[in-house]
Amino acid sequence: MPALISLREVKKIYQVGAEAVYALNGIDVEIRAGEYISVMGPSGSGKSTLMNIIGCLDTPTEGTYEFGGEAVHEMDDNQLASIRNRKIGFVFQTFNLLPKLTALRNVELPLIYANVPRSERLERARTALEQVGLGDRISHKPNELSGGQRQRVAIARALVTHPSIILADEPTGNLDSKSGVEIMRILDDLHRQGNTIILVSHEADIAAHAQRTIHLLDGKIEREVVHPVRA
Amino acid sequence: MLSLLWETVRIAFQGILDNKSRAFLTMLGIVIGVLAVTLMGTLISGLDRSFERSMAFLGKDVLFISKYEWFSDRDWWEMANRPEMRAEYAEQLKAYSDVVVAATPIMSRGVDVKRNDNSVLGVRLRGTTPEYLQTSFMNVGHGRFFTEGENHSGSRVAVIGHDIAEGLFPNENPLGKKFRIEGIPFRVIGTIDKQGKFLGLFSMDNQIIIPFGSFTRLFARRGFMEIDVKVAGNVAEARDEVRGVMRRIRGLRPLEEDNFAINQQEAFESQYRSIKLAIGGTGVFITVLSLVVGGIGIMNIMFVSVKERTREIGVRKAIGATQPLILGQFLLEAVFICLLAGLIGLGLAYGGSRLIDKFVFPSTMPLWLGALSVFLSVGVGILSGIAPSFTAARQNPIEALRYE
Ligand SMILES: Nc1ncnc2c1ncn2[C@@H]1O[C@H](COP(=O)(O)OP(=O)(O)OP(=O)(O)O)[C@@H](O)[C@H]1O
Ligand SMILES: [Mg+2]
């Protein structure tokens, strides 16, 4: 089975004044559909940078990135927007919901950009919210929800487009441990249902939910650990 | 695609609702701009209408010869010291010139009139000849005008204006009845149909016309006199000819200045044109100024809005909004604010134009001006929204998401 995601010799170099910062310094990764991956590493090791590139929010300075056979490193801005919309679901540490919109409207948003008809949109948004256990909170605004509930709305927004991959950058970082456990249970369920997930975390026990953990250090892959229990 | 457009409209509208007070404040410039341009248009339309109606009193082919020019920078005293007009000029003009169709002297003064207990004060009394019927545009609705014979014999007969008929003869037919002008009895032989006011100022219904002979005999030998001349053919050429005849009558040598004035409707028209230009110019100036100020205000607000919603832009981009969509969202928002402002301005202007219509003079707001102001508002929206919208669309999604 060919890899869904394939990065070769990927570098991300930031020019800060006269100095070149190698946020990523030669990354080779392959991820197959249905995999559950976690990324660990100290602060500044390049985890978020890697996630942004995989999520098509950013393009590599050097190297190639193919997503489902398409050369992402050659895409222009609008093509990147389109692939983000159709193939990728983001879950952020800080939720990033639109505060003025209800849960349902927030979840509906990616479908608007996907040009899905209204009735289908609302139906799918409702289903996604039910899937994360928020079927009874669809008309609440973000400030009327707890942190854990907000993150669940964000997960619903990520899955509503049936993306090829869900990217979660420290999804439990802003949550208490009980809410964190809940979020991890939802992600585990999504993986069990066949979704591909990449998760960034500082915490070893959270990273251990994945089948495979990639350890980054100074923009390079230090090592990979396969968790035998889950693999 | 239609659903996407609609959603963009909805999102943009939401953006305005979220910042109601701020949006309304920035609308002020546009509101004033639209108000200025439409009210100015209404004013001019009303002026046009009343001006045209007033000009009908004068007639395009009638020349008004007297000491005074209607509109001139000439010293008033200089004109006052010119020789008086004389009644004979009317006959001489007709005799010396082919273009003169009719000519009549008119003397006038203010008088009080009385009948039994009824009186009317400050009436304009005119003494003239039957040819006045040809140089003026009034209609003797009841009875008749006086004859050449009555004129020569100085008969005490009078043709009275509408207001005089109402004032002296309420609820009765004035024809054949007697009344007194400054104590001297006259008999009504005709009434003039209601004419209205000249330029909204001087009532044309407040006059009494009597034979020239009677006027000079009973009221004044000398006084302000005007000769009204109706001409045929090209008015400008006729005017030149009449001027030549007048100079001959006055015995002026080639280098001497005219010591009389020949006025015509045209003088009012050119005067009116410059007034109109001044009103229009002021309106356009206020409009442009307030639209520019309003546009800059809206541009600022849009920049602030883009800054405040940096994170929102990041989120939208992360979930798949393309640059054109973000651009469209903010541009539509700016256009909406301006369009709304334009419509508010239009609504106020409509109310204002109704008030002008009711209390100042009959007028209507020209429809094309309404359309133009809506068009202008949209234009200002696009112009002031374009730069902020591009800033929004060009945001780097990662930086936008990180923005605090
Ligand atoms: N826009 C930028 N300009 C310059 N340097 C940058 C930029 N973005 C990231 N970096 C640098 O790249 C490196 C990797 O950053 P990244 O955010 O990927 O780290 P991280 O592993 O996610 O850290 P953390 O655990 O703190 O989130 C850091 O040294 C950072 O300073
Ligand atoms: Mg990070």
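Predicted model: local features only at pLDDT ≥ 70, side-chain atom pairs only at ≥ 80, totals over all residues.
How many salt bridges does the rule find across the interface of chain A and chain B? The count there is zero, although seven residue pairs, with both residues at pLDDT 80 or more, are in polar contact between chain A and chain B.

Let me set that beside the total over all chains, which comes to 36 salt bridges by this rule. One that I would point out is formed by Lys67(B) and Glu84(B), whose closest N and O atoms are 3.0 Å apart. This pair links distant parts of the chain, 17 residues apart, with Lys67(B) in the loop between S1 and helix H3 (76-80) of chain B, and Glu84(B) in the loop between H3 and helix H4 (88-96) of chain B.

The largest pocket has a volume of about 860 Å³, and of the 27 residues that line it, Leu58(B), Arg126(B), Phe198(B), Met204(B) and Glu226(B) are the closest to its centre. At least two lining residues come from each of several elements of chain B, among them strand S2 (100-115), strand S3 (118-128) and strand S11 (225-231), and also helix H5 (132-135). By class, the lining of this largest pocket has 14 nonpolar, eight polar and five charged residues.

The second largest pocket holds about 650 Å³ of space. Which residues lie nearest its centre? Of the 28 residues that line the second largest pocket, they are Ser48(A), Asn52(A), Phe92(A), Asp169(A) and Arg402(B). Helix H1 (47-54), strand S6 (88-91) and strand S7 (165-169) of chain A, together with helix H14 (397-402) of chain B, each supply at least two residues of its lining, and H1(A) gives the most, with five residues. The lining of the second largest pocket has eleven nonpolar, eleven polar and six charged residues.

How values were computed
Residues numbered from 1 in each chain as written. Chains lettered and ligands numbered in written order. Heavy atoms only, no water. Salt bridge = Lys/Arg side-chain N within 4 Å of Asp/Glu carboxyl O. Polar contact = N/O pair within 3.5 Å; in protein donor to acceptor, adjacent residues only side chain to side chain. 1 Å grid on protein atoms, 1.4 Å probe; cavity = no way out; pocket = protein on both sides within 12 Å on 5 of 7 lines; lining within 4 Å. Points joined across faces, edges and corners; volume = space filled by probe spheres on them. Helix = DSSP H or I, 4+ residues; strand = E, 2+ residues; numbered from the N terminus. Nonpolar A, V, L, I, M, F, W, Y, C, P; charged D, E, K, R; others polar.
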